[in-house]
Each structure stands twice: as C-alpha cells, then as structure tokens.
Amino acid sequence: MSEPNDRSFEEYLKGESAVSARYRELPEDEVPPELDAAVMAKARAAIAQSPPRTSRRVGPSSWVRWSAPFAVAASAVVVVAIVLNAGPEQKMPMQPHFDVPSPLGERRYTEAPPSELAPVAGTPSERIMVPEFEAEELTSSSTAQEADDASRTLSASGEGPSAPTIAQPVPSSPPTPQGADEVQLAKAREAASAARNESERQKRLSADIAARRTAPSASSGQIAAPSASASAAPPLPPEDWLERIRTLRSEGKTSEADEQWRAFVTAYPDFAVSATDAARPATQQ
Amino acid sequence: MDAQSADDSALMLRYRDGDLRAFELLYARHKGGLYRYLQRLTRDTEAANDLFQDVWGKVIASRDRYEVRAQFKTFLFQIAHNCAIDYFRRVGRSWAHNTTDIAALADVIAGDEGQAPESRASAAQVQSAFRRALDTLPPEQRDVFLLYEECGLSLDDIGHVTGVAKETAKSRLRYAVSKLRAVLEPHQPASIAS
C-alpha cells in the first residue's frame with residue numbers, strides 16, 4: 001500500500017476532514033446504569049475500607065520523609081564532636097596576650113603556641129622548658145654534684161633560673177560567656193605570682209649551689225668561710241680578714257684569732273703576709 | 001497540561017484522600033469516552049462492559065499510588081488499552097486476526113453505490129457504512145484512531161499509551177484515516193470529500 005496523501009492527512013489533523021465529521025455523527029453509546037452503579041459501589045467500598053488519606057502516610061515513604069531530619073541531626077552530632085575534640089587546641093591562640101611583669105623585670109609574658117612548648121634538643125627552649133618538678137628534685141638533691149649539674153642546666157641558657165616558669169602556659173579553662181577576660185586576667189596574675197615565687201626559689205637554689213661549689217666538703221675538716229657558722233657567706237677580702245684577726249688579737253681573743261688565721265691561710269694560701277704582722281699567731285711572729 | 005487535565009488530577013487526588021464526590025465528577029467526565037472506546041475497539045458490548053468495570057476498578061485500586069505525572073486521561077486510557085490487549089489475548093483473537101480486507105469492504109459499499117441515484121444510501125446508510133469501515137480497520141489502527149478521535153489524545157500521548165513511538169502512532173493513524181476516507185468518498189458530495 002502506498003503512503004497516503006500527506007496533505008489530506010494534515011487537513012485531518014487540523015480537524016477539517018470528513019472522516020472526523022462522520023465519526024462524530026455516530027450514535028453515542030451510553031453507559032448502562034447498572035455499570036454506573038457497579039463502578040460507584042466499588043469506589044465507595046474502596047473509601048470505606050481505607051481510612052481518610054489525611055490520617056495516613058502522605059507522599060513519599062517514611063525513609064524519604066525522615067531523611068532530611070536525620071541528616072541534620074547527624075551533621076549536628078558530627079559538628080559537636082569535632083568542636084569538643086578540637087576545642088582545647090583552638091582555645092589557646094584565642095586567649096588574649098597579657099603584659100605580665102616578670103620577676104626579672106625584663107620578660108614579656110606571651111603565650112607560647114603548643115609547638116613552642118615542645119622541648120627541642122640543642123636549642124634554648126630545652127632549658128626554658130625544664131619542668132618544675134625537675135628543679136624541685138634538684139633542690140632536694142643530697143649531693144653537691146647533682147646540684148652543680150642542675151645549676152648548669154638552669155643557667156646555661158643565660159636567661160636565668162626563672163626561664164622555666166616564664167614559658168609555662170597558662171592553664172586553660174573553658175571560657176565563660178561573661179567575665180572571660182577577668183577570669184583570664186586573674187589566672188595570668190596567679191601565673192605571674194607563681195613565676196615570681198619560682199624565680200625567688202630558683203635564686204636561692206642557685207646561691208646554695210654556688211656556695212656548695214665554693215666551699216670545701218665538710219668531710220675534709222676545712223672551714224668554708226671566715227666563720228664556721230657563716231659557711232654560706234662568701235669569704236672576706238684578705239686585707240679585711242687580716243684586720244679582723246688583728247682586732248681579735250688586740251681584744252685578747254687569741255683562740256678565735258688563731259682559728260680565723262687558719263681559715264685565712266686555707267682560703268688564701270698564697271697571700272703574702274708579713275712575718276711581723278699582728279694577725280699572725282705569736283708563735284709565728 | 002490544560003485546565004481540565006489539571007482539574008482531573010485534582011479530582012483524583014481528592015478521591016485518593018477520601019472524597020467520593022470527586023470521583024463521581026471524574027467518572028461522569030470520562031465514562032462516555034471510555035465506554036465508546038472499549039465498545040468500538042472490541043466490537044463486543046458484553047466485553048466492553050466487563051472491560052469498563054475492570055478499568056475503573058484498577059483506577060480505584062491505584063488511587064493510593066496515583067501521582068500527577070501526566071494527564072489523568074492518559075493514565076485512564078493507558079489502563080484501558082492494556083485491559084483491551086489482555087482481553088484480546090484471553091479470547092484468542094490477536095490484532096492480526098481481527099482484520100478484515102478493507103478492499104472487500106469498499107466493494108460492498110461500492111455495490112450499494114451502484115444502485116439507482118434515487119436509491120442511493122441515505123445518511124443513515126453512510127453512517128452504517130462508516131461504522132462498518134471503522135470496525136474492519138486493523139485493531140492497531142482502530143485503536144490509534146479511537147484514541148485520537150474519541151479520547152482526544154495527542155500523538156505523543158497515543159504513542160505513550162500504546163507503547164510505540166510517536167511516528168509509529170502517526171503512521172497508523174494516517175493509514176486508518178486514509179481507509180476510512182476511501183470508504184466515504186463515494187458517498188460524499190464533492191464539496192465535503194477531501
């Protein structure tokens with residue numbers, strides 16, 4: 001069969017064909033009433049069997065309906081977990097900087113980042129970051145050698161014994177919405193006070209260590225200072241010491257003058273003293 | 001989607017939500033076209049009645065799953081088309097076996113035309129001849145023609161309903177119209193026949 005005439009078909013598609021007119025003239029068969037009743041009965045029964053749509057699931061499945069709230073809740077949990085885990089590290093740089101008067105008057109207290117707190121061998125921070133417990137242990141050391149080592153460790157950096165406390169970070173606490181600055185300031189003051197106390201303690205420690213280094217050991221029987229009771233005090237200059245011995249002799253305190261003389265000779269063995277000096281014992285003049 | 005189609009969808013959604021009155025309106029709007037489609041497609045009143053109930057029964061049963069994706073009319077006649085296909089398979093009549101030689105039908109009508117002018121077919125006779133010509137169309141072409149004329153579907157929708165490409169549906173419609181025109185031409189005045 002050949003292809004029908006396209007022009008006639010286009011006219012038909014426009015509704016201008018006799019074919020469409022003839023079709024519309026066909027008698028319209030009506031739906032029998034019993035069919036109407038049957039269909040409507042089905043429709044009515046279907047509604048009666050199922051509750052109204054408003055009380056039932058509407059639209060997509062429960063998973064689709066709950067997916068968005070679930071995603072939001074999961075995201076919130078993840079964010080909270082991240083904040084709780086990363087919070088302490090992130091708070092450090094956010095703390096304000098304070099100018100705290102240092103015990104030596106030359107230090108500027110600034111918070112060191114965590115990376116600077118880690119001691120690195122061979123660098124000044126190695127000395128700076130000597131823990132406090134180490135200094136305490138050294139203070140209670142029983143031997144002078146240990147104290148000497150500690151003193152060298154503390155003073156080798158050239159920054160004095162107060163360095164360890166300067167670099168110690170301020171203990172951080174969760175910031176409060178109100179008065180966070182006051183809390184931080186109070187903590188900084190406490191830290192400065194602690195640093196000051198620690199500095200003084202370290203000073204005393206250094207002085208003690210230096211005295212031990214200067215003084216001979218007690219087991220050798222030698223006198224460490226012009227006065228045995230003042231072993232921690234540095235020795236007097238030779239001339240002053242000799243003058244003091246002369247005074248003792250002139251006052252008749254011969255035994256004490258002799259004791260001082262022996263100590264002087266021990267402390268200054270090479271110091272030239274005249275053979276007729278009144279400081280010498282009578283047996284040596 | 002025109003206003004009526006949108007209204008049809010709204011009625012179906014209302015019925016889905018339990019509004020029986022909405023279904024009554026929807027049913028009254030489409031029952032005639034659907035019934036004629038089924039009757040003229042199957043050429044069997046009893047079968048058309050059964051299919052009519054089946055189609056509306058499926059519409060009712062699918063109301064919970066109904067979503068506005070296309071015109072309600074397309075949704076309705078797709079169900080009807082599928083029910084008709086099932087019917088033809090059930091009764092053992094294939095689309096191909098349901099074909100009558102259109103040339104033989106033209107001869108019959110031409111024989112009527114060979115009578116004296118005064119006894120030429122009346123309008124009723126022409127109508128009857130047209131009806132017989134429609135019935136003798138191959139089912140695929142009759143299906144497409146009915147969907148276009150009775151249901152008012154576009155060629156796109158017809159292709160969607162029948163499961164073929166638009167061009168296939170258009171070709172089927174073109175053949176159907178050509179055959180019907182060939183039957184009608186001897187009875188039409190020159191001014192009408194085109």
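**Notebook: helices and cores**

I began with chain A, where I counted 12 helices and 0 strands. The model is a predicted one. Read from the N terminus, the elements of chain A run α-α-α-α-α-α-α-α-α-α-α-α.

I then looked up burial in chain A: of its 285 residues, 17% are buried. I also checked the contacts in chain A between residues at least 6 apart in sequence, and 57% of them join residues at least 24 apart.

Next I turned to chain B and its helix H4, residues 72-90. With 19 residues at 1.5 Å a residue, H4 of chain B should span 27 Å, and its end C-alpha atoms are 27 Å apart, so the two values agree. I listed the buried residues of H4(B), among them Phe72(B), Phe75(B), Leu76(B), Ile79(B), Ala80(B) and Cys83(B). Lys73(B) and His81(B) are also buried. Just after this helix, I noted a positive phi of about 80° at Gly92(B).

I went on to the largest nonpolar core, which has 57 residues. The members that touch the most others are Leu38(B), Val55(B), Ala80(B), Leu147(B) and Leu180(B). Helix H2 of chain B, residues 20-42, gives the largest share of this core, 9 residues. I recorded that this core lies between domain 1 (3-90) and domain 2 (96-187) of chain B, because both give residues to it.

I looked up Leu147(B) separately. Leaving aside neighbours within four places in sequence, Leu147(B) contacts Phe77(B), Leu153(B), Ile158(B) and Val161(B).

Lastly, I found a second, separate core of 8 residues, which includes Ile245(A), Ala257(A), Phe264(A) and Ala279(A).

Note on methods. Residues are numbered from 1 along each chain as its sequence is written. Chains are lettered from A and ligands numbered from 1 in the order in which they are written. This is a predicted model: local features need pLDDT of at least 70, side-chain atom pairs count only at pLDDT 80 or more; totals for chains, interfaces and linings use all residues. Helices (H or I, at least four residues) and strands (E, at least two) are DSSP runs, numbered from the N terminus. A residue is buried if 20 or more other C-beta atoms lie within 10 Å of its own, exposed if 12 or fewer, and partly exposed in between; C-beta atoms are placed from the backbone. Two residues are in contact if their C-beta atoms, placed from the backbone, lie within 7 Å. The expected span of a helix is 1.5 Å times one less than its number of residues. A nonpolar core is a set of buried Ala, Val, Leu, Ile, Met, Phe, Trp, Tyr and Cys residues joined through C-beta atoms within 7 Å. Domain bounds come from an automatic or database domain assignment.
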